[in-house]
Amino acid sequence: MNFKKAAAIILTAVIVILSFAGCSANKNNEQSTESVSESELSSEEASKVVFAEFISAKNGTPVEVKAFVQAKTVLDGGKGGEISLYAQSVDGAYYIENMKVSGDEYEKLTEGREIAVRGIKSDSDGWIKISSPELVSIGEKIYVADPVAMTKGYQTGDLYSMLNEKLSFTNLTVTSSEDADSNEVPFIYKRDGTGEEGDDIYFTASDGKSECMFVVSSKFNPSYSDLYKTCQSLKTGDIINVTGFMGWSDNLAEVDVMKIEKSK
């Protein structure tokens, strides 16, 4: 799935480019769950607008979308706060940045959970997001997206067309990065190598033809997480499989890693 497909596929996401008057939230009601497939979602949402309309909307436009949580940032302490998350539907994906939630709401936002969110369509150095988001409702349907399997020879343009989507990479070789002292290392803290343990970890990996940057974000996977520790154990030349989401920073592609498997 990519932006080129978006115009041809009817989507689960609802985009409302109008005032928000009359919209009401019922966020705290207990909901039963119902797992649904891509084909069922496409059929059910045949009367809804397409994801391409969200992409074509001007920055600063009010939007409302319905999608399904795929990953969320950590909210420690069980209290409310701001979180960011990746959400996806059958033909499009979203990054929802700094959304206020209560502790109870956070617990309900499990992988695959249906949500409705309103906010502002924004573009941060090429990363298309929903900013100033408000959680409208938490639904009962469950949909966990299958990752798009990336094949050899992917280019930056191909990656950008899959912005915010869940991707999988197989048989990648970890390549060396350069730290702040110009030393070649398997990974660095912060993108410029000036960070320390607890900061985001960056590394590069190649499929033999193309190289891509990967990041283990401390917001999604803090330093105490298994994924963070796995990343710290990487060596140049390691063969790995990676699952993550297509992010963007400073007009450069970076995959927001959620899983690393080392080949034995």
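**Close-up views of the chain**

**View 1. Asn164 in its loop.** Asn164 is buried, at a relative accessible area of 2% (buried means under 20%, exposed over 50%, partly exposed in between, with a 1.4 Å probe and protein chains only). The model is predicted: local features need pLDDT of at least 70, side-chain atom pairs count only at pLDDT 80 or more, and totals for chains, interfaces and linings use all residues. Residues are numbered from 1 along each chain as its sequence is written, and side-chain values use heavy atoms, with hydrogens and water left out. Asn164 sits in the loop between α5 (156–160) and β8 (166–175). Helices (H or I, at least four residues) and strands (E, at least two) are DSSP runs, numbered from the N terminus. Asn164 is not a glycine, yet its phi is positive, near 75 degrees.

**View 2. Asn98 in strand β4.** Here is another positive phi in a residue that is not a glycine: Asn98, at about 60 degrees. Its setting is strand β4. Asn98 counts as partly exposed because its relative accessibility is 40%.

**View 3. The whole chain, for orientation.** The chain holds 6 helices and 15 strands. Of its 264 residues, 50% are buried. Contact means heavy atoms within 4.5 Å. Take the contacts between residues at least 6 apart in sequence: 67% of them join residues at least 24 apart.

**View 4. Ile96 and the largest nonpolar core.** A nonpolar core is a set of buried Ala, Val, Leu, Ile, Met, Phe, Trp, Tyr and Cys residues joined through side-chain atoms within 4.5 Å. The largest one has 57 residues. Which of them touch the most other members? They are Leu85, Ile96, Leu109, Phe203 and Phe214. Leaving aside residues up to four places away in sequence, Ile96 touches Ile83, Ser84, Leu85, Ala87, Ile115, Val117, Ile130 and Pro133.

**View 5. The largest pocket, with about 290 Å³ of space.** Trp127, Asp200, Lys219, Ser249 and Glu254 are the closest to the pocket centre among 19 lining residues. The search runs on a 1 Å grid over the protein atoms alone; a pocket is an open set of points with protein on both sides within 12 Å along at least five of seven lines, and lining residues have an atom within 4 Å of a point. Points are joined across faces, edges and corners, and the volume is the space filled by probe spheres set on them. Two or more lining residues come from each of β4 (92–101), β6 (127–142), β14 (239–249) and β15 (252–262). The largest share, 3 residues, belongs to β14. The lining divides into 7 nonpolar, 4 polar and 8 charged residues (nonpolar: Ala, Val, Leu, Ile, Met, Phe, Trp, Tyr, Cys and Pro; charged: Asp, Glu, Lys and Arg; polar: the others, Gly among them).

**View 6. Ser210 and Ser223 in their loops.** Ser210 lies between β12 (201–206) and β13 (211–216). Ser210 is buried, with a relative accessible area of 7%. Ser210 and Leu172 are 38 residues apart in sequence, and 9.8 Å apart in space from C-alpha to C-alpha. Ser223 lies between β13 and α6 (226–232). Ser223 is partly exposed, at 29%. From Ser223 to Asp199 the C-alpha distance is 7.9 Å, across 24 residues of sequence. Not counting residues up to four places away in sequence, Ser223 touches Gly198, Tyr228 and Lys229.

**View 7. Cys212 and Cys231.** Cys212 is buried, at 5% relative accessibility. Cys231 is buried too, at 0%. A disulfide is a pair of cysteine sulfur atoms within 2.5 Å. The count by this rule is 0.

Key
On a 1 Å grid over the protein atoms alone, a cavity is a set of points where a 1.4 Å probe fits but cannot get out, and a pocket is an open set with protein on both sides within 12 Å along at least five of seven lines; lining residues have an atom within 4 Å of a point.
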